[in-house]
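Colleague: Hi! Could you walk me through this one while I have it open on my screen?
Modeller: Happy to, ask away.

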Amino acid sequence: MDVSAHHPARPNAAPGFHLTRQGNTAIIALCDGSLPFPLDKLYLNTTPEHVRERLSAHRQELPAPGAFNAFLIVQHSHVILIDTGSGDLGGPALGQLAGNLQAAGYHPDQVDDIILTHLHSDHFGGLIRNGDMAFANARVHIPKRDADFFLDPAQMAKAPAPMKPHFKNAMACITPYADVGRVTLFNDNEAPLPGIARSALLPGHSPGHSGIIIKTGASDVFCWGDIMHGDVLQFEDPDIAICFDVDARVAISSRKQALDLAAQKNCLVAGSHIAFPGLGHVSRHQHENAYCWHPVAFENSPE
Ligand SMILES: [Zn+2]
């Protein structure tokens, strides 16, 4: 069979949602798309040779496939979206969240609350569709430190050129919700949704980057945002940072804190840039200052 002739104009995989249950909670990973990550050029505190060697040991090539995931949390009839994907801001490979949300059986109007881990475009761009609110009934919860930073024109003026779009886009995507009184800021480690979702300030990737911890009646679900890019190097060596970090030194310390928390509490981790569905557990490596990632198994069975 000529494999190259097989569905040449179609995506190479589907579907883009994955449901897992924990206690009283359904966690639905939503794929927003993927992009090649040239990790040998993006990682800091390492060498391109080391990156290539470790990925090769895990049978991965460069550029590595870079996942973009968001997570729908459903408790009884309460529907919460953790991050929104890129919407129209990330090019044609991204912005698939809206379609995958519908494929998972949810309409955007059903989303009650959106909690953003941080204000980077690949996490908030999906707030807007054709210039209007994509989630007509949702309240948007934002870490106050990130709002103070990214929604401040004075900070935008000072930012390096590659960072400026995050500021401009954040203002454009959040303003329609703010105009109708649907934006709430949460302080460091505050609970955006008391009794359901609390936050853990894990700064460095952005000033207010926060993990969102969901109470389920069983182990917690830990939506840790951008603590990891990829699923090999930064687990093996949490001191490896990524060039997107606003403050790499602080991001490294947050990564270690998040890994310790996930390993000790045996949380179900939900990671934005870990191979889809980005859900799994963390354990501490026996001999080194390293951690192991244990992805959930893919399941496809009738509910
Ligand atoms: Zn991200």
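Modeller: One definition to begin with: two residues are in contact if their C-beta atoms, placed from the backbone, lie within 7 Å. Also, please keep in mind that this is a predicted model.
Colleague: Thanks! Then what share of the contacts with a separation of 6 or more comes from residues 24 or more positions apart?
Modeller: Those residues account for 68% of such contacts in the protein.
Colleague: And how many helices and strands are there?
Modeller: The protein has nine helices and 17 strands.
Colleague: What about the overall dimensions?
Modeller: Along the principal axes, the C-alpha atoms fill a box of roughly 50 × 50 × 40 Å. Buried residues make up 46% of the 303.
Colleague: Let's move to the open sheet. What is the strand order there?
Modeller: The order is E1-E2-E4-E5-E6-E9-E10, seven strands with mixed pairing.
Colleague: Which strands sit at the edges?
Modeller: Strand E1 (17-22) and strand E10 (183-186) do, each pairing on one side only. On average, neighbouring strands of this sheet are turned by 25° against each other, direction ignored.
Colleague: How do E2 and E4 pair, parallel or antiparallel?
Modeller: Antiparallel: strand E2 (residues 25-37) and strand E4 (residues 64-75) are joined over twelve bridges. To find one of them on screen, look for leucine 35, whose bridge partner in E4 is glycine 66.
Colleague: Found it. New topic: is strand E15 buried or exposed?
Modeller: Buried. Six of the six residues of E15 (residues 268-273) are buried, so the strand is largely enclosed by the rest of the structure.
Colleague: Which strands does E15 pair with?
Modeller: One is strand E13 (residues 221-229), which runs parallel to E15 over five bridges. Histidine 229 stands opposite histidine 273 in E15. Another is strand E16 (residues 279-284), antiparallel to E15 and joined to it by two bridges. There, valine 269 has glycine 280 in E16 as its bridge partner.
Colleague: Now helix H9. How far does H9 reach from its first C-alpha to its last?
Modeller: H9 (residues 248-265) has 18 residues and reaches 25 Å, close to the 26 Å expected at 1.5 Å a residue.
Colleague: And which residues of H9 are buried?
Modeller: They are Ala251, Ile252, Ser254, Arg255, Ala258, Leu259 and Ala262. Those residues cover an arc of only 165° around the axis, which puts them on the same side of H9. The face turned away from that buried side carries the exposed residues Arg249 and Gln264. Asparagine 266 follows H9 and has a positive phi, near 50°.
Colleague: Last one: why does serine 199 count as buried?
Modeller: Serine 199 has 23 C-beta neighbours inside 10 Å, and the cut-off for buried is 20 or more. Serine 199 lies in strand E11 (residues 197-201).
Colleague: What does serine 199 touch, leaving out residues up to four places away in sequence?
Modeller: Its contacts include Pro143, Phe186, Asn189, Ser210 and Ile212. By contrast, the C-alpha atoms of serine 199 and alanine 98 are separated by 25 Å.
Colleague: Great, thanks!

Key
Residues numbered from 1 in each chain as written. Predicted model: local features only at pLDDT ≥ 70, side-chain atom pairs only at ≥ 80, totals over all residues. Buried ≥ 20, exposed ≤ 12 C-beta atoms within 10 Å, placed from the backbone. Helix = DSSP H or I, 4+ residues; strand = E, 2+ residues; numbered from the N terminus. Pairing = 2+ DSSP bridges. Expected span 1.5 Å × (residues − 1). Arc of directions from axis to C-beta. Axes fitted to C-alpha atoms, helices over the stretch in contact; angles between N-to-C directions.
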